[in-house]
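Please keep the structure in view while reading.

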Amino acid sequence: MACAALRFPTPGGEQRVLSLSGGYRVKSAAAGGWLLTPARQGVYAYWIPRAPVVRRLDKDGHILSHRTADVSGLEASADGLQVTLDHPVGHVLDLVIWRLPANDESTRALMQLSSLERQRYFLWSSHTAYARPADLYLHWVHGHIYENHEVWPKYWRVCSELDAYALYVVLTGLWRATRKPLYDWLRTQVVFSVIDRQSNDGGWYHGEWTDEMESHFRLHAAGVHLLAAHYEESHDPVVRVALEKAAAFAASKKDHLHSGAWYLHDSLEETCEGLRRYPFKCLPSRALGKSESNLLVLNTHLDTNIAMVRYRQVTGDARYDGLVQSAADSTRAVLGLRPAEWLYRPLFRAVALTFLPAERARTLPLHLRAIKRIAWRHLIPWLPRIKRWRPRLVMPGGYIERELSMQAFSVRYQPVNLMDLARTRRALDDRSLDTLLTESFAFTNACGLVDRWKALKGKEDDSLGFWAEALYHLALARPDARYREWLAQAMLHLEDNGLGLPPSLLGSNAEAVGSTEQHPCPMPADDRLRVANLSCSGSTEWLVVNPSDRPIELRWATAPPAAVDWRTPSGTPAVDVLPVLAPRAWLWGRKQQAEAA
């Protein structure tokens, strides 16, 4: 098999004729796009995952506009196919085509998809969904992975290693579940697309905010995670070289606090001049001994340190151990800050009222509605100045601020912070985070934020994807039934809002579960059921959720191991040979202990 990315460059202004000799049948593929199968034996089949696209690009490869190419002519006969496409001035014309052995397993794989292959998966960077193999080519554009949306503030499409990593995890999970070679080909294509875009200095550059191609280090860390996952499994020397370069780049992008190293959020933070080009207003601060340009962004700092831990795990290279420990020290110091409790406690009682969804806020007593309005109009705008005066990220009750110095406030980062803290707890075995995790997860579940995110469909509901992802990581570490109940509820919300499940729920995130310890996700026979695969190493565990309004019998296309102990949320055994899930209900299944041993 082989894949070609065809690009007819600018200036355009003419017609392009594509032809294929010989007799071919054209079919719509379940995987998306079209499958061209030959009328005679011994020749190739072709898969065109998406219609040809015309795109307008800038000098740095940002996609400024795009649309499906116009077809001005189509001829089909026993002698072959011919398509004539309009190529407008100032645009490139792109087409992706796969060549496959005819009448082979690979072509059958494109025509028949199982329930897991047909469902939607939430992508971490663009917050859009992957739903079938052809959807990879909403992101894979002429050999590089882009976000599948227009990015604020320039509203152009940029490359993203974080979407690449999410796609890799999804494709790995589907490969383990189905054993279709297609998914191994696609995930390998993602890996080498990321390597191809890597700069000589080891970094990836994005230009999301400016015309100067600044680097966003959270996206860079995702590139490290992706390469680490693939190297752990393949031991490919080309991947190893790219991983070493990426780790060296990440290690150099740091500041120093009194307490230790702190990784920066993006390359604009490296200087005060760069910070002046920031799309947010910022307050100058040298709190905790940091540089004035360091905004002290928590989530990128945590994610980068986890990526450095992963580098050591898969390569055995210990050269960054001191940096990892220094960054862990600064994490504990910053999270441990608790100044001005007398001020922050009443302040965040008022601020927390703004977290409620509109319908619940309208039922508040008059005096609480007045406090909520004061918090929204006056207290929140003053919060950056208060944090500058008394630096603090962890607030009373369990809310966690994303950063210290921006003049901004966004509750959308609460689940991202929780996700990264749960991952940090595992990566560094840092038990000092246990109390904070318990308090903050409970606060987030109870304060109204989850209902608010769900109510703001198309605006803030992408936070539900990170909330479910955070709960997955916490559930792996803690056997408590309540976290499984919260995860099942999050899965229902995601299905209600059409967002899809986060990739890790397939059980294929190598950071959470090593590649040799992963278990294939079982596949329900009914497309409506959703599964969270919480299995790892010798422990096998699943949640099965029915998001529909009808009862569904739990039948399997590919079943989990025998002797599964299925229980209801209350812990009652589901004694039926084939349990039935009531509407909006879920079951918790674990392999019998004797079997697992």
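In the lining of the largest cavity, α5 contributes the most, namely 3 residues. Helices here (H or I, at least four residues) and strands (E, at least two) are DSSP runs, numbered from the N terminus. On a 1 Å grid over the protein atoms alone, a cavity is a set of points where a 1.4 Å probe fits but cannot get out, while a pocket is an open set with protein on both sides within 12 Å along at least five of seven lines; lining residues have an atom within 4 Å of a point. The model is predicted: local features need pLDDT of at least 70 and side-chain atom pairs count only at pLDDT 80 or more, whereas totals for chains, interfaces and linings use all residues. Residues are numbered from 1 along each chain as its sequence is written, and side-chain values use heavy atoms, with hydrogens and water left out.

The structure contains 3 cavities of 30 Å³ or more. The largest cavity holds about 50 Å³ of space, where a volume is the space filled by probe spheres set on the grid points, which are joined across faces, edges and corners. Its lining consists of F217, H220, A221, F249, A250, K253, Y263, L264 and T304. Both α5 (217-234) and α6 (237-252) supply at least two residues of this lining. By class, the lining of the largest cavity has 6 nonpolar, 2 polar and 1 charged residues; Ala, Val, Leu, Ile, Met, Phe, Trp, Tyr, Cys and Pro count as nonpolar, Asp, Glu, Lys and Arg as charged, and the others, Gly among them, as polar.

The second largest cavity has a volume of about 40 Å³. Around this second largest cavity stand Y168, T172, R176, A229, E233, S508, A510, S515 and Q518. Helix α3 (161-178) and α5 each give at least two residues to its lining, and α3 gives the most, with 3 residues. The lining of the second largest cavity divides into 3 nonpolar, 4 polar and 2 charged residues.

Of the 48 residues that line the largest pocket, S125, H127, E208, R402 and Y413 lie nearest its centre. Two or more lining residues come from each of α3, α5, α8 (298-315), α13 (414-428) and α16 (463-477). Among the elements, α16 gives the most to this lining, with 4 residues. The lining of the largest pocket comprises 17 nonpolar, 15 polar and 16 charged residues.

Attention now turns to a sheet. An open sheet is formed by 4 strands in the order β18-β19-β24-β22, with antiparallel pairing; two strands pair if DSSP finds at least two bridges between them. The edge strands, β18 (530-533) and β22 (564-567), each pair on one side only. From one strand to the next, the twist averages 20°. Strand β22 pairs with β24 (residues 586-591) over 4 bridges in the antiparallel sense, and R567 stands opposite W588 in β24. Helix α17 (residues 481-496) packs on the sheet, touching β18, β19 (541-545) and β24, and its direction makes about 40° with that of β19. Axes are lines fitted to C-alpha atoms, for helices over the stretch in contact, and angles run from 0 to 180 degrees between N-to-C directions; contact means heavy atoms within 4.5 Å.

S106 belongs to helix α1 (residues 105-111). Is S106 buried or exposed? S106 counts as buried because its relative accessibility is 9%; buried means under 20% relative accessible area, exposed over 50%, and partly exposed in between (1.4 Å probe, protein chains only). Not counting residues up to four places away in sequence, S106 touches L100, P101 and W185.
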